[in-house]
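Visitor: I would like to learn how to read contacts between side chains in a model of this kind. Could you take me through it step by step?

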Amino acid sequence: MFDLFARVFGREDASKDVAKERLRLVLVHDRASLSPQVLDDLKTDLLKVISKYLDIDQEGFQVEFSRHDESMALVANIPIKRRRV
Amino acid sequence: MGEAIVITSGKGGVGKTTTTANIGAGLAQAGSKVALIDADIGLRNLDVVMGLENRIVYDLVDVVEGFAKLRHALIKDKRFDNLQLLPAAQTRDKTAVSPEQMKDLVETMKEEFDYVLIDSPAGIEQGFKNAIAGADKALVVATPEVSSVRDADRIIGLLEANDKRKPYLIINRIRPAMVKRGDMMDIDDMIEILAVELIGVVPEDEAIVVSTNRGEPAVMNQNSRAGEAYRQITRRLRGEEVAFPKLEEESSLFGRIRRMMGLKG
């Protein structure tokens, strides 16, 4: 009865979903042997290099790991304000 | 020529030793000739879980150092004459043995036994490297908890880096009622995260504590749910196709009454 009650009112806070989400994030870093701190350093360096050539929107600049089944990729989203001539 | 299987997990306390004891006894029960190696040097426990602690004379380190012959160190299980245990040394540490020595030992044992099961210590250091050195196949034990799954993922990566075949996953101590509530990761969640093939799902079962108290593997107990899960793993290891049964809820009084009334919970 309680189960039914809980389901009717939705249990989006089911703790297993929290566990899965946290695991997904931590494993991405574990698998790449790269801590969030090192990833931050990498972002800063990337930003420096690209800024030499392009005017980047620093607010929207994003670098993340992304996992597709067995393989991993580093995905960067780099919004450009304007070409630096 | 037999097959060497290492049972490992990374994290401690998730049930490596219990799993080794039960699969070993299960394989022996099914008629295979089985040897168990306790590779947890300095923290031996497979002997007590098997109920063989009073019969140890020599150990793994004695054999590797040439101080004792293998057949003198192997302890015969009285319940199954085709099951033997090579205990770990208790007064030494992991550095007493090298991966090369372990590999040679396992190779020798594979000539005589159908299955050589190696109980790995927790961790990823030398003890783990020793344990996997001679193994043809690896079983990774993980419980549906964040810390255990994280460590299992690390171990799977290390096994692959060491040129081992893709390991198989044993999900241990799963609690169907919690899974149903959404408060525990289920089988699909764990397979999705770890991306390995499943070989067994063992439910949480008080019978494990009782059987460990007595030194009698639960696989011998026909009424134990965990024992049944171990019997299924045993059959899968022997090459049988065994379907994974649906997880059943712990039999609460309420559940039992409902089932008696023919109502499905």
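Visitor: Which side chain of chain A meets B:Asp189 in a salt bridge, and what is the N to O distance?

Guide: Please keep in mind throughout that this is a predicted model. The partner is A:Lys20, whose side chain meets that of B:Asp189 in a salt bridge with an N to O distance of 2.8 Å. The pair crosses between chains, since B:Asp189 belongs to helix H9 of chain B and A:Lys20 to helix H2 of chain A.

Visitor: Are B:Asp189 and A:Lys20 buried or exposed?

Guide: A residue is called buried when its relative accessible area is under 20%. B:Asp189 has a value of 4% and is therefore buried, and A:Lys20, with 13% relative accessibility, counts as buried too.

Visitor: Where does B:Glu192 lie, and which residue of chain A does its side chain meet?

Guide: The side chains of B:Glu192 and A:Arg24 form a salt bridge of 2.9 Å, N to O. Because B:Glu192 lies in helix H9 of chain B and A:Arg24 in helix H2 of chain A, this pair joins two chains. B:Glu192 is partly exposed, at a relative accessible area of 43%, and A:Arg24 is likewise partly exposed, at 33%.

Visitor: Which residues are joined into one network by salt bridges that share partners?

Guide: The network consists of A:Lys16, A:Lys20, A:Glu21, A:Arg24, B:Asp186, B:Asp189 and B:Glu192. Within this group, the side chains of B:Asp186 and A:Lys16 meet at 3.4 Å, N to O. B:Asp186 is found in the loop between helix H8 (176-181) and helix H9 (187-194) of chain B, whereas A:Lys16 is in helix H2 (residues 15-31) of chain A, so this pair also joins two chains. A:Lys16 is buried, with a relative accessible area of 17%. Over all chains, the structure holds 22 salt bridges.

Visitor: How should I read aromatic pairs, and how many are there over all chains?

Guide: A pair of aromatic rings is described by the distance of the centres and the angle of the planes. Here the count over all chains comes to 1 aromatic pair. It is formed by B:Tyr58 and B:Phe67, with 6.2 Å centre to centre and 75° between the planes, which makes the arrangement edge-to-face because the angle is over 60 degrees. B:Tyr58 is partly exposed, with a relative accessible area of 29%, while B:Phe67 is exposed, at 62%.

Visitor: Which charged end sits over the ring of B:Phe244?

Guide: That is the charged end of B:Arg236, placed 3.8 Å from the ring centre. In another case, the charged end of B:Lys33 sits over the ring of B:Phe113, at 5.1 Å from its centre.

Visitor: What pattern does chain A follow along the sequence?

Guide: Chain A reads α-α-α-β-β-β-β, with 3 helices and 4 strands, and 21% of its 85 residues count as buried.

Methods. Residues numbered from 1 in each chain as written. Chains lettered and ligands numbered in written order. Predicted model: local features only at pLDDT ≥ 70, side-chain atom pairs only at ≥ 80, totals over all residues. Heavy atoms only, no water. Phe/Tyr/Trp six-rings, centres within 6.5 Å; stacked < 30°, edge-to-face > 60°. Buried < 20%, exposed > 50% of the residue type's maximum accessible area, 1.4 Å probe, protein only. Lys NZ or Arg CZ within 6 Å of the ring centre and 35° of its normal. Salt bridge = Lys/Arg side-chain N within 4 Å of Asp/Glu carboxyl O.
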